[in-house]
Amino acid sequence: MEENKIALITGATRGIGKQIAITLAENGFDIAINYRKENEDLENTKKEIEKIGRKCVAVKGDVSSYEDCENFVKEVIAQYGKIDVLVNNAGITKDTLLMRMKKEDFEDVLNVNLVGTFNVTKNVIPYMMKERNGRIINISSVVGIAGNAGQTNYSASKAGIIGFTKSLAKEVASRNILVNAVAPGFIETNMTDVLKDEIKENIAKNIPLKRMGNAKDVANLVNFLASNESSYITGQVINVDGGMLM
Ligand SMILES: NC(=O)c1ccc[n+]([C@@H]2O[C@H](COP(=O)([O-])OP(=O)(O)OC[C@H]3O[C@@H](n4cnc5c(N)ncnc54)[C@H](O)[C@@H]3O)[C@@H](O)[C@H]2O)c1
């Protein structure tokens, strides 16, 4: 169990981010999350974390807005005084072939996934530098490594996150701040729910472990990277994909 530690997880009102917040809370972290709109998802996440006996601070803000990130990070610091772990998880897809992709589809995905990762990290890092301690875990994707037809925008954003992770890991290692990326494969969430059952079954068939992953599979890895057990790991991209990419 971790004690007196604070984790900020972006995009944690549902899906993988929510499961990361719950798993870290179960491991003793107090939690901060951001949200864009007050809704049932947000209330449920807060309730589930509080039921575990940990605090959950929820702050409003869109990761693609630098100003929002400046404000919500300040608010988290005002409430907790520090941030030990940052998980850049918020992400979107706008899939279509490049031939049909609008400029806005490309920009929106880059702005949330990649620029959003910059916006939040840039505002959190001064506090980690001051503490000479920190963990940053960026949620990339196997398609950021392998590419995927219909996802030029998304793959570019997730590949960008890998470059960002490695460069930052080199910049801040001397301050005892560890920066890693997690690359999930095909995980059952709302993001993948849009696919037809037939397509999902086909993908699962080609995964060595013969199943889609679940949010807990990803959260367990993030929990390890956030813990004291991983203190000699930085600048890495770790796949959690059932062996999809080898
Ligand atoms: N599901 C998968 O198979 C899979 C695979 C690889 C990587 N990932 C990545 O994992 C992360 C979580 O995905 P998920 O499957 O849980 O998706 P999801 O759509 O269920 O959840 C995404 C979360 O991000 C939040 N979000 C989106 N845009 C935001 C913004 N501009 N500002 C703040 N919050 C915002 C949403 O509100 C939501 O809470 C994403 O980065 C995604 O790219 C998912």
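This report describes strand pairing, the ligand shell and selected single residues in a predicted model.

Residues are numbered from 1 along each chain as its sequence is written, and side-chain values use heavy atoms, with hydrogens and water left out. Because the model is predicted, local features need pLDDT of at least 70 and side-chain atom pairs count only at pLDDT 80 or more, while totals for chains, interfaces and linings use all residues.

**Strands and crossovers**

Helices (H or I, at least four residues) and strands (E, at least two) are DSSP runs, numbered from the N terminus. Two strands are said to pair if DSSP finds at least two bridges between them. Strand β1 covers residues 6-9. On one side of β1 lie I6 and L8, and on the other A7 and I9; all of these residues are buried, where buried means under 20% relative accessible area, exposed over 50%, and partly exposed in between (1.4 Å probe, protein chains only).

β1 runs parallel to strand β2 (residues 30-35), to which it is joined by four bridges. Within this pairing, I9 has I33 of β2 as its bridge partner. β1, α1 and β2 together form a right-handed β-α-β unit; a crossover is right-handed if, with the strands pointing away from the viewer, the path from the first strand over the helix to the second runs clockwise.

β1 also pairs with β4 in the parallel sense, over three bridges. Here the bridge partner of A7 is V85, and that of L8 is L86. Strand β4 spans residues 85-88; V85 and V87 point one way, L86 and N88 point the other way, and all are buried.

Which strand, besides β1, pairs with β4 in the parallel sense? Strand β5 (residues 134-139) does, over four bridges. L86 has I136 as its bridge partner in β5. A right-handed β-α-β unit is made by β4, helix α4 (residues 103-131) and β5.

**The ligand and its shell**

| Residue | Protein atom | Distance to a ligand oxygen atom |
|---|---|---|
| R14 | side-chain N or O | 2.8 Å |
| K158 | polar side-chain atom | 2.9 Å |
| I187 | polar backbone atom | 2.8 Å |

Taken alone, the ligand exposes 830 Å², and the protein buries 94% of that area; accessible areas come from the Shrake-Rupley method with a 1.4 Å probe, and for residues only the protein chains shown count as cover.

**Selected single residues**

Most residues other than glycine have a negative phi, and most peptide bonds are trans. R132, although not a glycine, has a positive phi of about 50°. R132 is placed in the loop between α4 and β5 and, at 48% relative accessibility, counts as partly exposed. N176, also a residue other than glycine, has a positive phi near 60°. The loop between α6 and β6 (177-184) holds N176, which is partly exposed at 42% relative accessibility.

Is S141 buried or exposed? S141 counts as buried because its relative accessibility is 5%. S141 is found in the loop between β5 and α5 (143-146), and its side chain reaches the backbone nitrogen of V143 at 3.1 Å.

I199 lies in helix α8 (residues 197-205). With a relative accessible area of 41%, I199 is partly exposed. The C-alpha atoms of I199 and N27 are separated by 36 Å, and the two residues are 172 residues apart along the chain.

Notes
A polar contact is a pair of N or O atoms within 3.5 Å; within protein, one must be able to donate a hydrogen and the other to accept it, and residues adjacent in sequence count only if both atoms are side-chain atoms.
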